[in-house]
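Morning, everyone. Let me put the model on the screen, and then we go through the domains, the strands and the salt bridges.

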Amino acid sequence: MPDDSLTSGAAEWTRAVELDRLQPSRPIAVKLRGKHVALFVHQGQILACNNRCPHEGYPLVEGALDADCVLTCNWHNWKFDLRTGATIYGGDNLRIYPVKIEDGAVWLDTRDPPAAERTERALQHLDQALAEYDTARIARELARLGKAGAGPELALRRVVHATHARLRDGMTHAYAAADAWLSLRDTLADETQRLACATEALAYIA
Ligand code: FES
């Protein structure tokens, strides 16, 4: 069971859309407090998730929702349990949002979990990505780490700690290159290039 959607503290509800705009056959996308959200009707229940697929960001509102509440992304076939956000096929979990119905409208709580919680979650998911040598996911988790306010140095310390036993068999260029990648990153302004440098630093050690 994923916990990506859980947010502690009192809910902060925002009116998202009038209830009569939602139909089972026609999910809709809304933008709320800077978040892109897809809304679906499944067996009379309103369900909300991030409209940007965690794989490559394509709109999940264009995906297919089946009778078992499995949402399939139209682009590369990742599948999610829309009730929990758990990935059934693919990698990263899907962010889902709490929903309530009141005054003839759908209300959503789109708060993010605290930064410390998001940091820890990204580090745990990064461990999985490193173990599977999934470079694309390493990049995604590093991006999430950055959004939570943590730099790649934190992830690098973790991966060095996890792999340092290998040094008994000799040093590889990967450890030395990590410093060069992060130094190069510090000279760049473009976020994509900076993320690529951080990904290279970690992926070679993995
Ligand atoms: S963008 Fe959704 S599966 Fe690739």
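First, a definition: buried area is the accessible area, with a 1.4 Å probe, that two parts lose on being put together, summed over both. This is a predicted model, where local features need pLDDT of at least 70, side-chain atom pairs count only at pLDDT 80 or more, and totals for chains, interfaces and linings use all residues. Residues are numbered from 1 along each chain as its sequence is written, and side-chain values use heavy atoms, with hydrogens and water left out.

Now the domains. The protein chain splits into domain 1 (14-108) and domain 2 (115-205). Those bounds come from an automatic or database domain assignment. Over C-alpha atoms, the two centres lie 30 Å apart.

How much area is buried between domain 1 and domain 2? About 360 Å², with carbon and sulfur atoms giving 32% of that. In contact terms (heavy atoms within 4.5 Å), 5 residues of domain 1 touch 4 residues of domain 2.

Next, salt bridges across that interface. The rule is a side-chain nitrogen of Lys or Arg within 4 Å of a carboxyl oxygen of Asp or Glu. It finds 3 between domain 1 and domain 2. On the domain 1 side, the residues touching domain 2 are 2 nonpolar, 2 polar and 1 charged. Here Ala, Val, Leu, Ile, Met, Phe, Trp, Tyr, Cys and Pro count as nonpolar, Asp, Glu, Lys and Arg as charged, and the others, Gly among them, as polar.
D92 forms a salt bridge with R137, with the closest N and O atoms 3.1 Å apart.

The whole structure has 16 salt bridges. One of them joins D127 and R158, at 2.7 Å from N to O. D127 sits in helix α1 (residues 115-131) and R158 in helix α3 (residues 152-163), so this pair ties together parts 31 residues apart in sequence. Helices (H or I, at least four residues) and strands (E, at least two) are DSSP runs, numbered from the N terminus.

On to the strands. Two of them pair if DSSP finds at least two bridges between them. There is an open sheet of 4 strands, ordered β2-β3-β4-β9, with antiparallel pairing. Its edge strands are β2 (28-32) and β9 (96-97). β2 pairs with β3 (residues 35-42) over 5 bridges. Within that pairing, V30 has V37 as its bridge partner.

Last, a hairpin. β10 and β11 form it, with 2 residues between them. D103 in the turn has a positive phi of about 55 degrees. β10 (residues 99-102) and β11 (residues 105-108) are antiparallel over 4 bridges, and K100 is partnered by W107.
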